[in-house]
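Reader: I am new to reading protein models. Please take me through one, feature by feature.

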Amino acid sequence: MPLLTSILLLLVVARLLGQLMVKLKQPELVGEIFAGILLGPAVLKWIEPNKSLEGISELSVFLIVVAAGLEMEMGEVIKSIKGKGLIAALLGFLIPLMGGIGIGNIFGLDPIRTFFLGLCMSITALPVTVQILASFNLLQSRIANFTIATSILNDILGLLCLGIILDRQEFSSPSGLLPLFVSVLKTSFKLSLFAGMVFVTNRLIQWGTHKTSYLEKILNKFQNLFGPEAIFGVAIIFVLFFGSMSETLGSHFIIGAFFGALLLSRDVFGTSIFSGLQSTLLSLTSGFLGPVFFAYIGLSFSVHAFSQPGMVLGVLLVSIATKILGGYLGGRILKMSQLEALGAGIILNGRGIMELVVANIAYQKELIDQDLFSTLIIMGIVTTVITPMLFAKTKLGSISRARV
């Protein structure tokens with residue numbers, strides 16, 4: 001099927017099923033994922049995942065994350081992973097990791113496949129977390145600060161582990177301890193460089209906005225000269241730079257894009273320009289690219305894994321239980337109420353695109369087989385679909401939905 005026809009069909013069916021889910025008091029993204037499953041290889045076989053659609057999906061992820069970064073404050077996110085926040089975020093990573101290793105051993109997987117199973121369970125997809133929070137009007141809440149900070153940390157740790165494994169695939173051999181140590185240092189150094197770049201840029205921006213009034217005036221003159229579209233272009237170029245640097249230094253471009261957007265606060269642009277920038281991004285993400293992104297996740301659904309239903313069921317149960325438990329315990333450490341902590345644990349359950357990225361890389365590098373790959377795809381899709389549905393069932397979800 002031609003690319004534009006595929007996009008048209010995905011968009012129309014995703015919006016229709018998304019609106020149906022809204023009528024059923026569920027978030028739109030659930031219907032959008034179902035649209036991909038319906039149109040994809042699992043059911044109707046009308047649309048196959050391909051490189052062109054994957055590229056559009058990546059653009060969608062990029063803009064969704066940028067929109068989220070503009071909604072939040074850098075200081076609040078950093079504060080969320082300081083002190084007890086760091087311990088709380090680590091629980092959301094380590095408990096699912098141990099659960100995955102445990103279930104892998106039960107089903108007799110070899111060490112590398114067992115580790116990858118645990119690694120994929122430990123990941124929380126930042127774009128999915130952001131979209132779920134936005135659908136419940138919670139982006140400015142305490143839960144948002146904790147879950148987004150935890151998602152970032154979980155994804156960074158997951159990508160750090162992936163980078164180490166890809167750098168030294170023979171790490172499990174007895175003679176591989178020294179190379180493994182070197183790989184850990186090298187990958188950690190790259191991430192530290194990126195963190196340092198974000199820190200320095202943030203300090204420079206703070207100095208520029210607090211010490212002088214020229215920055216906003218310059219941007220206003222720039223907008224008057226070249227039009228409001230030019231401001232959007234400048235913002236995107238700035239965020240693309242951080243995304244590219246993040247990817248170059250061994251992390252995923254999503255991490256860099258989010259931090260790049262976090263740096264672009266209302267103080268930088270001024271209220272009027274900043275509001276226009278947010279409005280443009282919202283139109284692109286909610287109206288077009290967001291539905292295509294979640295529909296593309298649905299296209300990845302495979303029935304191949306159902307040849308091992310016991311393992312699929314075990315992986316799903318353990319992945320859901322451990323992620324919610326890790327988030328709940330982390331929330332309680334931060335003195336959240338039981339309801340808030342449970343809500344945070346549920347929101348962290350959505351794996352989405354990040355887990356699929358890690359699983360796909362491992363499959364391409366022949367580190368996992370088709371059976372485990374199919375199981376991981378099912379886990380990513382199912383946890384993404386049920387997360388907003390579970391959250392909507394909580395009292396907190398009902399209150400948030402009523403405010404939308």
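**Reading burial, helices and salt bridges**

Author: Buried means under 20% relative accessible area, exposed over 50%, and partly exposed in between (1.4 Å probe, protein chains only). This is a predicted model, where local features need pLDDT of at least 70, side-chain atom pairs count only at pLDDT 80 or more, and totals for chains, interfaces and linings use all residues. Residues are numbered from 1 along each chain as its sequence is written, and side-chain values use heavy atoms, with hydrogens and water left out.

Reader: What does the side chain of Asp 110 meet in a salt bridge?

Author: A salt bridge is a side-chain nitrogen of Lys or Arg within 4 Å of a carboxyl oxygen of Asp or Glu. Here the partner of Asp 110 is Arg 113, at 3.0 Å, N to O. Arg 113 is buried, with a relative accessible area of 18%.

Reader: Which other residue forms a salt bridge with Arg 113?

Author: Asp 369 does, with the closest N and O atoms 2.7 Å apart. Asp 369 lies in the loop between α17 (352-364) and α18 (370-393), while Arg 113 is in helix α6 (residues 111-122), so the pair ties together parts that are 256 residues apart in sequence. Shared partners join Asp 110, Arg 113 and Asp 369 into one network of salt bridges. Asp 369 counts as partly exposed, at 28% relative accessibility.

Reader: How many salt bridges does a search of the whole structure find?

Author: Three. One of them joins the side chains of Lys 51 and Glu 54 (3.8 Å, N to O). An α-helix has 3.6 residues a turn, so residues three or four places apart point the same way. Lys 51 and Glu 54 are three residues apart in helix α3 (residues 51-71), separated by about one helical turn. Lys 51 counts as exposed, at 65% relative accessibility. Glu 54 is partly exposed, at 26%.

Reader: How many helices and strands does the chain have?

Author: Helices (H or I, at least four residues) and strands (E, at least two) are DSSP runs, numbered from the N terminus. This chain has 19 helices and zero strands.

Reader: What should the 21 residues of helix α1 span?

Author: The expected span is 1.5 Å times one less than the number of residues. For α1 (residues 3-23) that gives 30 Å, and the end C-alpha atoms are 30 Å apart, which agrees.

Reader: Which residues of α1 are buried, and which are exposed on the other side?

Author: The buried ones are Ser 6, Ile 7, Leu 10, Val 13, Ala 14, Gly 18 and Met 21. Seen down the axis, they fall within an arc of 150°, so they line one face of α1. That arc is taken from the directions from the helix axis to the C-beta atoms. On the other side, Leu 4, Leu 8, Leu 16 and Lys 23 are exposed. Just after α1, Lys 25 takes a positive phi of about 65°.

Reader: How many residues of α2 are buried?

Author: Nine of the 12, so α2 is largely enclosed by the rest of the structure. Among them are Leu 29, Val 30, Ile 33 and Ile 37. Leu 38, also in α2, is partly exposed, with a relative accessible area of 34%.

Reader: What share of the whole chain counts as buried?

Author: Of its 404 residues, 53%.
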